[in-house]
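Please look over the sequence and the structure shown below before reading on.

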Amino acid sequence: MLTEVAEAVRLQEGPPGVRSVLRALRRLAPASTKDLSRATGLPVPIVAALGNELRRRGFVTTQRPSRLTEAGLDLVAQLGMDLTLDATCTTCDGRELVIPDVLDEAVRRLRALMESGPAADMAIDQSHCTAETKVRRVLALLTAGALPGGSLLLIGDDDLVSLAVAVVGDVLGAPIVERVTVVDISPEILDYIQKVSAGLGTRVETVQHDLRLPLPAELHEQHDVAMTDPPYTAEGARLFLSRAVEGLRRGPSHSVFFSFGGKSPDEMLEVQREIMGLGLVTNGFVRNFNEYEGSGILGGVGFFQHLLTTTSTAPSHAGEFSGPLYTGDKRTRQREYTCVACDARLRVGPGARWTAVAALREEGCPNCGKGPFRPGRLVPAEDPAPPAEQPPTPVQTPVQPPVQTPVRQTAPTPDPASAPAPTPAAPAGRTLGWRPPTEQDRAALAERARPYVTRQADERDLPAIGRFEAEIARVSFGEDAIDDPARWASRLGRAMEKSKEGMIVAHGPGEEPVGWCWVSINQNAMTGDRYANFRSLAVSPVDNRSDVAELLLTAGLEFCLAGGITEVVGRVHVGNVPMRTVYRKFGFDPTSLSMKLFLPGGEPEGDSAR
């Protein structure tokens, strides 16, 4: 049975991999797919596929989170694995480090910096580690004796570890490193690091550089310790570690801290060969040390390896690198996913509409707008895709529109015949994040958004608008949401009685709205300055909803320009990631962070913490 299950999902780990999932289910039940991925080190899609195979054979319950059935418990007993003993340290959860109370402030500050920092680029394997992971990495440097003092080289720093080092030093009252050098290709990341670190008292130098090329000569052999979290391929590991070695002083016992995601045994063998080829040795290794935001395929975790240089250490790639580097560069097959809600079969991978399952999850099923998605077989990219099923009638429950491609600020205004208003001059010292589309771009977006167009909202739209607002509330506030559509429709009806300006809907011929945007014009009571407030944006799960979202957002911004507005504010709940993504893609910059504290309200002692 173990062999059959392993072969059914083409599991490289074979029967031992199936055993590991059964063992984790016995120990952790009830367990989510993500929990099982973290426990076994297998990618989430593989664990999900294994779970489905075991479910079909009656060993795992159909209810989720998953448990073993009676037959599954009998099987585990027959395999001699009927033991739930867990010796993992409950204090550090197996990570070997605990963040001391004195650094809780550093974690809070880093969370705020992440919120306003550059977004992750999944196309180049970026997935930001959590604030806690950043602090743990700094603690690892301190515990290993690599800090305090000395110089630190960061080969890539989309995780903002340089700022973590600076913030920890600021909290402790003095810098913990003489110098931090960040080498990264992204000017946005480097500009942000320079801007924030300037007031933290730590010397941070940034170098914009494509790591496919050798390090600049002035960085060679200048640093005491290095850290890197490279693309999750053997080639990425070799290249980034080789660049780290280039920047380290010669001689043994210099530390290199290396973060990487879980891979199959054969793939990990390639990575470890690269490490040996560089003349590095392993001094420490912690599974699940790194936690990442949005890295669903690896269960949101990765390992942390402490390497040391030897007398044989030397760069393995001194010249320019031109081969495949990122995960997407190496994919040659697509995986078929099935939408659990409507059974639509969708391809993910090279040449498909979605190059990664994270993009599919963010956009939602093109048939029903929902999910989740069950992983299936791997297929060559050149195989013909299954015929697309006709989507059912769209359910008019809107979702926040995840825009998958860089937004090209192009959309018709509520009055397509009107010309765009001239762009008012930006106040001195401010950077314009958006400009009106050209006529050519406007026409191109109108074609992509067909058959939907925009117009000013009116009373006939209130039932649909009420449903939009209720869903926005659910996305933003969860259980605390006011999600009664009738109540929202009544509230918006009262607002319409005062003014319908800035209320925009997208609709098809003779149809009720499939999208809703609300922009209000406010005045600062202290300064008298007028500004626009982006209050709502939602789109139903139509096939081209990202284009409809772009249509609405651009229409709203052009409404602001027509009114002479030069500043637009959009407030969004911190947990509403899709809406934050839309704002960032249109050029909105984070400027503040709201903090909330719940005080006891007469509850019995011990029940007041929230």
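Leaving aside its neighbours within four places in sequence, S242 is in contact (heavy atoms within 4.5 Å) with L278, P315, S316 and H317. S242 belongs to helix α10, which covers residues 234–247, and S242 is buried, with a relative accessible area of 0%; buried means under 20% relative accessible area, with a 1.4 Å probe and protein chains only. The model is predicted, so that local features need pLDDT of at least 70 and side-chain atom pairs count only at pLDDT 80 or more, whereas totals for chains, interfaces and linings use all residues. Residues are numbered from 1 along each chain as its sequence is written, and side-chain values use heavy atoms, leaving out hydrogens and water.

Two other helices meet as follows, where helices are DSSP runs (H or I, at least four residues), numbered from the N terminus.

| Helix | Residues | Residues making the contact |
|---|---|---|
| α3 | 33–40 | T33, K34, L36, S37 and T40 |
| α4 | 44–56 | V44, V47 and A48 |

The axes of α3 and α4, lines fitted to C-alpha atoms over the stretch in contact, come within 9 Å and cross at roughly 110°, which makes α3 roughly perpendicular to α4, a term for angles of 65 to 115 degrees.

In the protein, buried residues make up 48% of the 610 residues, and residues 24 or more positions apart account for 71% of the contacts with a separation of 6 or more.

Terms used: Buried means under 20% relative accessible area, exposed over 50%, partly exposed in between (1.4 Å probe, protein chains only). Axes are lines fitted to C-alpha atoms, for helices over the stretch in contact, and angles run from 0 to 180 degrees between N-to-C directions. Angles under 35 degrees count as roughly parallel, over 145 as roughly antiparallel, 65 to 115 as roughly perpendicular and the rest as oblique.
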